[in-house]
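Subject: Structure handover

Hello,

Here is the structure I promised you. Please open it alongside this message. My notes come after it.

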Protein chains: 2
Amino acid sequence: MDIIVQKYGGSSVGDLDRIKNVARRIKEKKETGAKLVVVVSAMGNSTDELLSMARRLSEKPRPRELDVLMSTGEQISIALLSIALNDIGCKARSFTGHQIELITEGFHTKSKIADINTSVIYEELDKDNVVIVAGFQGINTNNEITTLGRGGSDTTAVALAAKLGAVCEIYTDVDGIYTIDPGLYPNARKLESINYQEMMEMASLGADVMHPRSIEIAHNYNVPIYVAISTGESPGTFIKESDEIMEKTVITGLAVDSNDAMITVNGFPYNINFISELFRGLAEKHINIDMISQTTPVGNRISISFTIPRNDLDIALKSLKNLEKKTGPFNTETDTDIAKLSVVGMGMRTQSGVAARMFSVLAENDINIKIITTSEIRISCTIDPKDQSKAVSAIAKEFNL
Amino acid sequence: MDIIVQKYGGSSVGDLDRIKNVARRIKEKKETGAKLVVVVSAMGNSTDELLSMARRLSEKPRPRELDVLMSTGEQISIALLSIALNDIGCKARSFTGHQIELITEGFHTKSKIADINTSVIYEELDKDNVVIVAGFQGINTNNEITTLGRGGSDTTAVALAAKLGAVCEIYTDVDGIYTIDPGLYPNARKLESINYQEMMEMASLGADVMHPRSIEIAHNYNVPIYVAISTGESPGTFIKESDEIMEKTVITGLAVDSNDAMITVNGFPYNINFISELFRGLAEKHINIDMISQTTPVGNRISISFTIPRNDLDIALKSLKNLEKKTGPFNTETDTDIAKLSVVGMGMRTQSGVAARMFSVLAENDINIKIITTSEIRISCTIDPKDQSKAVSAIAKEFNL
C-alpha cells in the first residue's frame, strides 16, 4: 500500500475558502489512486488567540491545561477539512491525537512522540477513507492531552510517515527551500533538493520553513520530504538522503540568524573543570549555545566567546555570576548587536578551502568577523548587523547561491 | 464523601471576566469543605459559530465530524476555567468526555449517556482537586467523539450527580424557576421548589430553563437539583421529589408555547387501524405530537385535531397525503396561528374542578379555546395568540401564580 502523508500548515487552512482549496487538492490527489493521511495545523493564528486568553487569566497558566486548550485548534481544523472533503464526495474521517493513539512522553506543551498506533489508520485507508489527523497533539500514558511544542505538526506528519513507510509532503505558505531567505536576497535560487544534514543546519540556523526536530526524525527514519506551496502553483523542494556526489555545488545555502547575543568572558581560569562547569551551568538552564570560540591561554587565563539566544541573556549572566563564587572574579562582556552568518553544504566535506574563500570575500568587502566556528558541513561567523546585506550578496555571488 | 456537582451554562462563562467570577464562586464553595465537580458549557454562542462554519462548508455536514468540531467549545471552557482556578490558588483539573469515560450510545449529535466511569473523578477529589468536566460531550464504544444534543450540558451534570450520589446545582442566566415566564407576566413569582413531574411538564412546554431530558434523569435517580443565577445574587429554585401535601397551591406554573401548529383532519374514517397509522406515520418522521383531540363519529367519520412543532408541518402534511392512498380522501386543515397555554401542578391530582375554574376564567374574558387536553398534572388548551397576554393575566390571578 503506497501511502502519502500530507501536512497543511496554519496559513493553508487559515479560512474556509482555503480549507475548500485544500480539500480540492486532496481530492485530486486521491483520484490518482493514492492512499492519503493528512495532518493539519490549527487555522491561521488561532493557537496564539487561545494562548492569549490563557495568559489573560493567569500569568503562569498550568501547562497541562494549556495543552487541553491549545489542542482544540487542530481539532477544529480536522473536523472542518473532513466536512469539506465529504461535501465534495471525497470520503474522509478526522482523528484527534487520542484517537490515533499518538502516545507522547516528556513535559506538557513540549512533549515528544513515543509511539503511534497505526492500526486505526490502516483500517480507515482500507475503507478508502482519507485519514485526517490533528497535528501537534497527542496523549501521554496518563491519558492526558499533550502538545508537541514548536514545529509540532511537522513532527506529527514526519513521525506518521516514518511509521507508515510513507513519503511526507509538507504544504506551507512558502514554495520551497531557497539557498538564502529570498527576503534577505531576492536573487536566491530555489533548491530542487537538499539533504537531511544540510536542511537540519539550515533549519536550526533560522530558515523557518521546517523545524529541525522534524528533519531529524525524517533523517533517522529516512523519510523523503517534499516541501511546497499549498496552492500547488510551483514545484517545491525535496529533502532526502543523497550520498551521490552529483552536486557540484560546494555550498547549498546561506542562513542568517539575528536573534543571538554573544557573551565573552575574559580572564577566565584555564581549568577544564571550570570551563565545563560554565557550559554545564548554562545547559541546566536549557540555554542553547551555538558558537564557541576559545583563545589560547595567557598567564593561565583564557577568553571564551559564545553565542546564545538573545532572550536567554539575563539567565545566562546570572549563571555566570554564580560561577564567580568558585572561580574567583572574571570579566564578562556582552554583545547583542550581532548577526550570525552560516554557509551550509555537504560539498565542504570533500572540498577544502571553503572557509578561506568565504573569509577572503568578507575581507575584500571590509567586513569584520567577530567569532568563527566550523563544523563538517557548516561555517559560521558573527558580523556587525550593518554589514549583513553586503555580506549576504558577496557570499551569494562567490558561491553562486 | 459529600459531593456537589455544579453546572455553569454558556452565558455564565461567556467571556474571561465571567470565567474569573465563576472561578471565585467555585473557590468560595470549595473553602466550605465541599468536594466539587464542575460541568461547563461552551463559551457564549461559540457552538453556534462552529456550527455556522460547518454549514458554510457543507449543506449536510457529517454528524460524526460535527461532533468532533462542536466538542471543542466545551474543551476550551474547561481549560480556561481550570487555568483561572489554579491562578487563584484553587487546585483544579479539567477533563474531556473521553477522559472521564462518559460513554454514549445512539446517534452522533444526539447521543445518550450510557455510562460514566467515575473512578478518575473520585481519584481527583481525593487529591483535593476541583474536577472540571466538559459538558455536552462523550465518546462512544468505537472511541468516537459524540455530543448529547440540546440540553446536553445539563444532562451531563445531572447524570454525573446521579452516578456520584451528589446534589446538582445548575447555574444559569435566569435566577430560578418562575410560575410563569416573567417576560410574559412580570408579576410571576419565583418558586422555592418544584417537583420533578411538574418541572418536566413545564420544561417540555417551553420553560427554557432546563431541558426535560435532564429533569427525567434527575427524577429517575432522585437527584436534587438547585437552579440559580450564576452570579449568586438571589436564591434559586429546588427541583426535587415532594410527596408532602404541604403545598396548598393547586397550580404550580403556567407555560406558554408559541412554536406549535395545529392540524385538523375532517371526514377521517372511524377506524382504529387508520387512526393509529396516522400517528405512527408521524412518529416515524420523529414528529412530536403534543395535544390530540378527537370528535365523536358522525356517519362513521371523525375529526381529529393535534398539535406539532411548527417546523415539522411540511413533513407532517406529506405523511398525511400518503395516508390518503389507503384511507381514501379526507380534508386537512392547518392552523399555524395558535398559542398553547398549559397549567401544571401536582395539586390537580387531589383537587377537582381545576379545569372548570380555568375555562370559566377564559370564558369570562371572552377567550375562545380551540382544543383542550388534560393529563394528571396538566391542562393545556390552544387559543388565538392575540388573546395570549389577557389569558395569562387572568389565569395567573385566578390561581395566584
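Below is what was found, from the whole chain down to single residues.

Please keep in mind that this is a predicted model.

**Overall build**

Chain A has 401 residues, and 47% of them count as buried. Its secondary structure comes to eleven helices and 20 strands. The C-alpha trace of chain A spans about 75 × 50 × 35 Å along its principal axes. The radius of gyration of chain A is 23 Å; a compact globule with 401 residues would be near 21 Å, so the value agrees. Take the contacts in chain A between residues at least 6 apart: 75% of them join residues at least 24 apart.

Where they meet, 20 residues of domain 1 of chain A are in contact with 18 residues of domain 2 of chain A. On the domain 1 side, helix H6 (residues 196-204) of chain A gives the largest share, four residues. That side of domain 1 of chain A divides into nine nonpolar, six polar and five charged residues.

**Helix H6, seen in chain B**

Is helix H6 of chain B mostly covered or mostly open? Mostly covered: nine of its nine residues are buried. The buried residues of H6(B) include Tyr196(B), Glu198(B), Met199(B), Met200(B) and Glu201(B). Several elements of chain B cover them. Among these are strand S10 (193-194), helix H7 (212-221) and strand S12 (237-239). Strand S13 (253-257), strand S18 (339-344) and strand S20 (378-383) of chain B are also included in the cover.

**How the two chains pair**

At the interface, 28 residues of chain A are in contact with 28 residues of chain B. Helix H1 (16-30), helix H2 (46-57) and helix H3 (63-87) of chain A each supply at least two residues of the chain A side. H3(A) gives the largest share, 14 residues. The chain A side divides into 14 nonpolar, nine polar and five charged residues.

Most residues other than glycine have a negative phi. Two residues in chain A are worth a look here.

Phe136(A) has a phi near 75 degrees, a positive value in a residue other than glycine. Phe136(A) sits in the loop between strand S6 (130-134) and strand S7 (137-140) of chain A. Is Phe136(A) buried or exposed? Phe136(A) counts as buried, because 30 C-beta neighbours lie inside 10 Å and the cut-off is 20 or more.

Asn300(A) also has a positive phi, near 65 degrees. Its place is the loop between strand S15 (292-294) and strand S16 (301-309) of chain A. Asn300(A) has 8 other C-beta atoms within 10 Å, so Asn300(A) is exposed. The cut-off for exposed is 12 or fewer.

Best wishes

Definitions and conventions
Residues numbered from 1 in each chain as written. Chains lettered and ligands numbered in written order. Predicted model: local features only at pLDDT ≥ 70, side-chain atom pairs only at ≥ 80, totals over all residues. Rg over C-alpha atoms; globule rule 2.2 N^0.38 Å. Contact = placed C-beta atoms within 7 Å. Nonpolar A, V, L, I, M, F, W, Y, C, P; charged D, E, K, R; others polar.
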